[in-house]
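Thanks for making time this morning. Let me put the structure up, and then I will take you through it.

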Amino acid sequence: MRSSVIIFPGSNCDRDMDVALKKFGFKNQMVWHNDQSIPKSDLIVLPGGFSYGDYLRCGSIASKSKIIKSVIDFANSGGLVLGICNGFQILTETGLLNGILQQNKFLNFICSNVFVKVKDKENKYFKNLKKNLLELHIAHNEGNYFCSDDELKSLEDNSQIAVTYCGADGTENESTNPNGALKNIAGIFNKNKNVLGMMPHPERMIDKYLSGEDGSLFFKNILDNFK
Amino acid sequence: MKIKVIVTLKNGVLDPQGKAIQQTLNGMNFGNVEDVRQGKYFEIEVKEKDEKKAKSLVDDMCKKLLANLVIEDYKIV
């Protein structure tokens with residue numbers, strides 16, 4: 001499976017993502033934001049970081065960069081596009097995903113492990129995944145997901161909520177919501193579920209000695225579903 | 001021509017920074033501060049003499065980049 005990771009000025013999880021993808025057998029290549037086109041890919045990843053220093057709004061400047069038109073065309077033709085953290089923020093600013101990531105409710109930068117519940121498996125990312133709860137890592141200042149009531153209803157009606165923050169036992173409430181996100185939302189799909197944006201970093205959970213291996217499950221699952 | 005834009009959060013959208021500023025002001029004995037909403041202010045120099053045209057250009061910029069209409073309103077002043 002061929003993948004491309006887009007690098008923006010200020011991306012800082014691009015190489016972690018490269019390491020993770022290659023570890024599980026993706027043929028990955030790095031693509032510069034100023035390029036016009038993306039090499040043939042089965043998956044495009046917008047990595048985490050602070051593209052353009054988070055100026056104006058997180059992801060807003062990156063969402064207007066040269067390469068984005070190709071990303072949007074790829075997404076609209078059904079290609080898999082995965083945005084992690086800042087990548088999720090960029091996807092909402094392009095309009096490929098609904099809503100916006102606002103500043104965390106308590107104005108703090110959060111860096112910690114969290115549990116997320118997989119809410120939908122009828123898609124190429126989570127189909128056949130053996131676990132329903134994943135332990136992943138978050139590191140962000142703007143992860144407080146927000147959208148209008150109409151958009152929320154449409155997300156719920158179309159099962160576009162991908163993952164939600166929860167406790168180790170799966171409890172979803174205010175105490176297991178790290179950043180104030182609407183309905184504990186940690187990640188969402190577009191209508192066709194080929195575009196996934198999420199705040200947690202699976203690429204930081206690929207080594208049992210350093211962190212955990214739930215990220216490994218995530219990447220292996222995408223590969224298995226592609227075969 | 002210089003066009004000025006103010007971008008603010010829509011009513012009903014949580015503004016944690018505004019809230020923190022309000023609480024700080026209250027703590028500084030400005031007890032009559034009931035609410036604070038924080039926003040952004042832009043001064044845009046447009047190469048255009050016709051004010052109407054310049055404002056219409058800036059309006060387009062607001063919609064496409066300066067404001068995110070999911071949570072923000074803008075005002076050209």
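What share of the contacts in chain A with a separation of 6 or more comes from residues 24 or more positions apart? That share is 75%, where two residues are in contact if their C-beta atoms, placed from the backbone, lie within 7 Å.

Before going on, please keep in mind that this is a predicted model, in which local features need pLDDT of at least 70 and side-chain atom pairs count only at pLDDT 80 or more, while totals for chains, interfaces and linings use all residues. Residues are numbered from 1 along each chain as its sequence is written, and chains are lettered from A and ligands numbered from 1 in the order in which they are written.

As to overall dimensions, the C-alpha atoms of chain A fill a box of roughly 45 × 35 × 35 Å along the principal axes. Of its 227 residues, 52% are buried, meaning that 20 or more other C-beta atoms lie within 10 Å of the residue's own, with C-beta atoms placed from the backbone.

Returning to A:Met198, its contacts beyond four places in sequence include A:Ile84, A:Phe88 and A:Ala186.

Finally, between the chains, twelve residues of chain A are in contact with seven residues of chain B.

How values were computed. Buried ≥ 20, exposed ≤ 12 C-beta atoms within 10 Å, placed from the backbone.
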